Amino acid sequence: MGSIRSAGEAVARIAYLSSDVLISIQPSLASESEFSSSFQSLAANKASSVVAKGAPEIIPVRHNTDPLLSVYRPIRSGKLTTVTTSSDVLIRSIPHLYKLAQYPVVLHVALHPAGAPDYSVITSIRQCGFTFLQSETLQEAQDLALSAHALAIKSGKGVIHFFDASALDKDDPIAFEPKDFVRQVLDLDAARAFQNTTTEEQGIYADDGRVASVAVAASQAPLTNGVNGEKAGLLTPVTPSTEKAASGPGSARDSSVGSSRRDSSSENGVSGSSVTSVESVVTRPITSDDILRYLTTIWSTIKRVVNREYKAFSYTGPPNAQSALFIFGVDTAMIGKELDRAGSTDQYANVGLISARLYRPWMGGALTAILPRSVKKVAVLEQVRRKTTKWGPLLLDMLMSLKAAGNAGPQIVGYQLGYIDSSTVQQALRGIFQNLLSDSPIQNLQIGLAEWPQPQDEDFQLRQPALENAYMKILNQVFGSRLHIANQLRSNDAGISAEISSSPEFGFGALVARTERRTKFVNEILEISKSSSFTTEVPKQWLSKWALAQDDAKKANELAEDVLARLATDGSPAASQLLENKSLFFKESPWLIGSDAWAYDLGNSGVHHVLASGANVNMLIIDSQPHSDRAAADAARRKKDIGLYAMNFGNAYVASVAVYSSYTQVLQAMIEAEQFEGPSVVLAYLPYDKENDSPITVLQETKKAVDLGYWPLYRWNPRGEEQGEENFHLDSERIKKELQDFLKRDNYMSQLMKRHPEFSANLSGSWGTEVRELQKRKAKDAYGQLLEGLAGAPLTILFASDNGNAESLAKRLGNRGKARGLKTMVMSMDDYPLEDISNEENIVMITSTAGQGEFPQNGRSFWEAVKNSTDIDLATVNFAVFALGDKHYWPRKEDKIYYNKPGKDLHTRCLALGGKALTDVGLGDDQDPDTYHTGYNEWEPKLWQALGVDNVEGLPEEPPPLTNEDIKAASNYLRGTIVEGLNDTSTGAISASDSQLTKFHGTYMQDDRDLRDERKAQGLEPAYGFMIRCRLPGGVATPSQWIQMDAISTNMGNETMKLTTRQTFQFHGVIKGKLKPAMQAINRALMTTIAACGDINRNVMCSSLPTHSKYHKEVHAVAKRISDHLLPQTTAYHEIWLTDDTKGEKTQVAGDAVVDHEPLYGPTYLPRKFKITLAIPPHNDTDVYAHDVGLIAIEKDGKLEGFNVLAGGGMGVTHNMKKTYPQTGRMFGYVPADVAHLACEKIMLVQRDNGDRKNRKHARLKYTIDDMGVEVFKGKVEELLGFKFEEPRPFKFDSNIDTFGWQKDENGLNHFTFFIENGRIEDTEDFQMKTGLREIAKVHKGEFRLTGNQHLILSNVADEDMPPIKDLMKKYKLDNTNFSGLRLSSSACVAFPTCGLAMAESERYLPELITKLEGTIEEAGLRQDSIVMRMTGCPNGCARPWLAEVAFVGKAYGAYNMYLGGGYHGQRMNKLYRASIKEDEILDLMKPMIKRYAKERDDGEKFGDWCIRSGLIVETTDGKNFHENTAEEESDEEA
Ligand code: SF4
């Protein structure tokens, strides 16, 4: 059996076993309390509680957020609730304590500050109605913790168990007691009775009148009760029948006092049988005697079971002692030791030691009972740190108790106990006894040090969590040296605690004083500038100028420098005097910084104070509570909406911001707040659970809260209208109900809706409205009505589908059922009201498989309910299940169970619920020849047969399923119904077929996947947004284009832009309403998006080559020519996007096509996407082998001569579908430069006519060439060209990565390659990259080149233009290229949250993974070595992972396939090394591998080459053997 070493651990374990709910009050979310880590390990071990079903619920609460608020909800719903806390929170919580005393809540209190605890906290709250137990040894901490729970359950009243944890921790370890011990001590029947009660829902602040009471025989109840007898109804007789009824669930509702009806113990004199057969029963409040009696019973049980004895007071010492010490507030063990050590000559030899275990109620009788009669004198040592009365309460208690015992009682002498430690204890005892034993002892003598040491209670020191630095950095960035934080933590306010100096009241006071000081200073200056105190007249003129502008921060601060300079040179005494107050010349930006603790009552008064003052003070209040926590755990906690509160005040500027949602809006709000004359409140959101939360978690939480309107982004200026502006600016889309009500009341809502009708649907569907259930019912009823009057058996078809396959099967099945005369109804599982399922006649469920064998999104809630419900009865229901999955998706044997798991589970569960299976579960497998259709085609006839409708005649012909080819053909040259879709404001989406067509226009519809689940739960459609990709041949842009792109991303997208792996700009999160304006803005920047995506030739890439600008220019011109040459000719793009809506006119960007005709493409364009790239040896920075056509530039005498042509490279793969593979381009031969565009065209045409248009997974050029053979394909191209490819010319690549930093070209111009991690251009609080690049673009005269590795080159900077550019680069930290070689060579695709195909994180995660590897890289001495590492969120391969030396390709959320052995300069593909591994496995594999590589590599040997030489992986020589000889064998058998 293990042992327990600390009081925190001992108490936490007992609390865990004895509670339904544990409120763990912690110093902060980042640091633990004495108890919290023990809770975590108990929870991690899945320990179960004795009283709760399973494990208790643990709710961590910060100590400064009015923590006891969290007790009301659980305790009032019949949950045995325990609080673990330090003593710091108690005094502030007194109002709660009075109310909670009447509930069986237990507070375990570790006295603080640790090392010198303040007992006066306990003294101060002793009359709050709780029972107080005190532990003085580690063993007692455990046993009295248990006693506290047993007593609370038995008495129905609150118990506070307190102890000096740091003193107890010095005790020897104690043994664990078995769980059974706890079971024996707790009255489990009484616990159940309480758990079956609920108290009527009351506001937290209303007293619900509850009085803990006990049922007794009427004859034993007093006629009136001393304390509570006057309360009506307390003595209501309880008849045997009502007593019985009251013991059932919800019985407390029937009780006039809301108490739990605990069983009266036999000591009451009312046994259960006597109550039911003889007398009527009444209830009366619990008395002190009841408490002592219960406790005595509890302690006798403890004695019986473990032979440890406890009494209300403990007495140790000789039975014949003449004198005794009663101590409260010092380590008893220390005093006891000293008494034991006393020699016979010491005055304190032979004395007894008394202390209270039961401190309140004070049981004087029990004290006299333990005190030997021989004791004549008692010294009462009471720690009273904050003395308010002359006599300490303990002394008075003692006097009362012993006086009650008669005059013969001992003499009582009180002492004020100061600080004593082991070095002073002897001296203190001497002093005590000298006085005590004197003839006339002095009362209230001070013992020990009056000044207590101030131990550093580090954990409970107020600290600003590191994560919150985000906002501090922005404040610093905006206001720089002008920033003054009045309540700054750790400021030098001597003698003032951090708690006080950081409070709004203190800060405000400080600010007022500061303002007054400056006003006085200004007056002095006004005076002095009229005098003749200066040596010259100059200072006077400057001072008057300054005095006039002193209120205008900008002007005053500019003038201040001048004034100071003049004063410094004046040399007069007056000037020197003014110079002593230099800082007052500058106008500060005054701020108070606080947390959401200010939103609770305890802190709110300070905020009120500032608002009410009307003073010009800015408050930044950071709220770090994740909204899901708030919504789920503790909805009843009353936290004021400070924003609304301040807006209601009417005189304050208010903004609600979130740095991880809109950085720009934070800046804007801070600037406006500062400019506002009067109080300003900026509420800043930063949700986190722990300080070390990953940024992805913080980001996701923020987005959810903003999107759902829990944390709306807005700015409110009460004087906006006076200045001709709106008062209210909504910067996000949804707002919560309360804010909406405020705006409505003030008539702003209607104005807002008028101005922004597009918001109205969202605004009225506010956060917090439970619409989901209603929607389900409505949809089903509507279906029901539709089906009315139809004959035939009903057939309900439910689907769960992520990518649409299961849904379209379900719909088709529905149509076919209808054709067979069945009344079919089709809906998603989660849209189905489950309460109807038992009434169904026939139900069919079709589900695909997501993640690790999970249900797709729209079937998860359904499955959870079906799986967990005990009431569903399918006895009269026929059912069938069809499942879609991929057998090869699970390469590891142990994961085979995931294959079609949802469908199989559903089938089994329906059988278990009594359903009758119409067929066996149908299994569709993507590996079958006709994918899942193979299995489906076998299954469906069986279903019709089982339903008796298999032989129906005259079934209508079914239209074939719509394919991409059909959509293209029917689109009228890419028009479709895009315009109609854009005009439909009822949805943020466009139709499925239009979303195929918009790709050709350079935009994809996506939805924010971070928000999918949350929006689904709210009954909302996904957060649709569009990705827009520009066409930018060779990645070259002008500075003015850069600035315009920057503005588009800020105003119309998600404030960031992505430099893609194909050298262009990409915007994300553009909502439908802003799509057209964004396209037009791109057009105004003389750029386009046409054919940036879709089955067409896309952006043409070109090496960026900063060192040879002339040569680059020549090659780039070819890239541009190819791009233009292969542009589609349709005018649809211009009509749809560039028509001026007001004039109805077309604006055109390129050419003026009159008739739609696609000479190169025809009406169905290409079978699949088509990508062309140009590379200039020795730089393969565009990955020339990875594209449909790769042109390798060949030079002669520094000039472009022609190209070696590669064809048939391509990256996209489907996991475990071996028919798909990546491929590198095959060499066709050399062509001169002037016909390169024709070679590209002809290759594209052969592909157009020969590519597979039936199977999109087999449609890329790589498969066409492999199927036809290189020579046959090449022959067809040469036929069209009319000439043959020449023999390829020699060339040599040496890398595919970028060279960072400054380089000079042959013209003497300078180029700087920035490291842009994964191509994401954004501002963060640490790094204003986007702002910096914008500032540089404003002065830059050359060009920007985007690289194929997602980095950026500032090109063509003349020497004379370097200094200002270098300054800006330095200012914005853009000159930093000092990163590890691994990081510099890494690349990741976008993936979550926007890419619809992503299976795992990529861009947001790769930097974190690299950070975790960098330590090993450093250790191995590889910091400077580049290892090409790439990551993508799915096997589509946008970051070209198959050519990396090491790659990770997303398989499921958090799981990746790992590949090794790619060629360093992109010439060779890698191969699967491990499948579906998670971060810990990745690190376990990578770290030793990196170390081995460092040791074993040959000179200059690259990582990918070493992986092959060392035998880790077999070389991939061709795409066709990519799946062969993988390091991890895939096996096909099913588990
Ligand atoms: S590789 Fe996959 S996840 Fe990444 S951006 Fe491309 S399609 Fe999306």
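# Close-up views

**View 1.** Beyond its neighbours within four places in sequence, Asn858 is in contact (heavy atoms within 4.5 Å) with Phe799, Ala800, Ser801, Ser828, Met829, Asp830 and Lys1016. The model is predicted: local features need pLDDT of at least 70, side-chain atom pairs need pLDDT 80 or more, and totals for chains, interfaces and linings use all residues. Numbering starts from 1 along each chain as its sequence is written, and side-chain values use heavy atoms, without hydrogens or water. Asn858 sits in the loop between strand E28 (842-848) and helix H33 (860-868). Helices (H or I, at least four residues) and strands (E, at least two) are DSSP runs numbered from the N terminus. With a relative accessibility of 11%, Asn858 counts as buried. Buried means under 20% relative accessible area, exposed over 50%, and partly exposed in between (1.4 Å probe, protein chains only). Thr847 is eleven residues from Asn858 along the chain, and their C-alpha atoms are 9.7 Å apart.

**View 2.** Residues of the ligand shell are shown here. Cys1389, Val1390, Ala1391, Cys1395, Leu1397 and Ala1398 belong to the surroundings of the ligand. So do Thr1432, Gly1433, Cys1434, Asn1436, Gly1437 and Cys1438. A residue counts as near when one of its heavy atoms lies within 4 Å. The shell has eight nonpolar residues, four polar ones and no charged residue. Nonpolar covers Ala, Val, Leu, Ile, Met, Phe, Trp, Tyr, Cys and Pro; charged covers Asp, Glu, Lys and Arg; the others, Gly among them, are polar.

**View 3.** Glu672 and Arg715 form a salt bridge through their side chains. The N to O distance is 2.9 Å. Glu672 belongs to helix H26 (residues 663-675) and Arg715 to strand E24 (residues 714-716), so the pair ties together parts 43 residues apart in sequence. Arg715 is buried, at 9% relative accessibility. Glu672 is partly exposed, at 24%. The rule asks for a side-chain nitrogen of Lys or Arg within 4 Å of a carboxyl oxygen of Asp or Glu. By this rule the model has 61 salt bridges.

**View 4.** A salt bridge joins the side chains of Glu965 and Arg1253, at 2.7 Å from N to O. Glu965 is in helix H36 (residues 964-969), while Arg1253 is in the loop between helix H44 (1236-1250) and helix H45 (1261-1268), so the pair ties together parts 288 residues apart in sequence. Glu965 counts as buried, with 11% relative accessibility. Arg1253 counts as partly exposed, with 27%.

**View 5.** Glu1201 and Arg1289 are partners in a salt bridge, with their closest N and O atoms 3.3 Å apart. The two lie in distant parts of the chain, 88 residues apart. Glu1201 is in strand E40 (residues 1199-1207), and Arg1289 is in the loop between helix H46 (1270-1281) and strand E42 (1301-1304). Glu1201 is partly exposed at 28% relative accessible area, and Arg1289 is partly exposed at 28%. Elsewhere, Lys703, Asp1008, Asp1010, Glu1401 and Arg1404 form one network of salt bridges that share partners.

**View 6.** Helix H19 (residues 504-528) crosses helix H20 (residues 538-549) at roughly 140 degrees, their axes coming within 9 Å. The crossing of H19 and H20 is left-handed. H19 contributes Arg518, Phe521, Val522, Ile525, Leu526 and Ile528 to the contact; H20 contributes Leu543, Trp546 and Ala547. These contact residues are eight nonpolar, no polar and one charged. Axes are lines fitted to C-alpha atoms, for helices over the stretch in contact, with angles from 0 to 180 degrees between N-to-C directions. Left-handed means the near helix is turned anticlockwise from the far one by less than a right angle; right-handed means clockwise.

**View 7.** H45 is mostly covered, with six of its eight residues buried. The buried ones are Leu1261, Lys1262, Tyr1263, Thr1264, Ile1265 and Asp1266. Their cover includes E40, strand E41 (1226-1232), H44 and H46.

**View 8.** Two cis peptide bonds are shown, Arg360 to Pro361 and Phe1392 to Pro1393. Omega is near -5 degrees for the bond from Arg360 to Pro361. Pro361 is in the loop between strand E15 (358-360) and helix H14 (364-370). For the bond joining Phe1392 and Pro1393, omega is about 5 degrees. Pro1393 is in the loop between strand E47 (1387-1388) and helix H50 (1406-1419).

**View 9.** Asn307 and Glu1055 take positive phi values. Phi of Asn307, a residue other than glycine, is near 60 degrees. Asn307 is in the loop between helix H12 (288-306) and strand E12 (313-316), and it is exposed at 55% relative accessibility. Phi of Glu1055 is near 75 degrees. Glu1055 is in the loop between helix H40 (1039-1052) and strand E35 (1057-1059), and it is buried at 15%.
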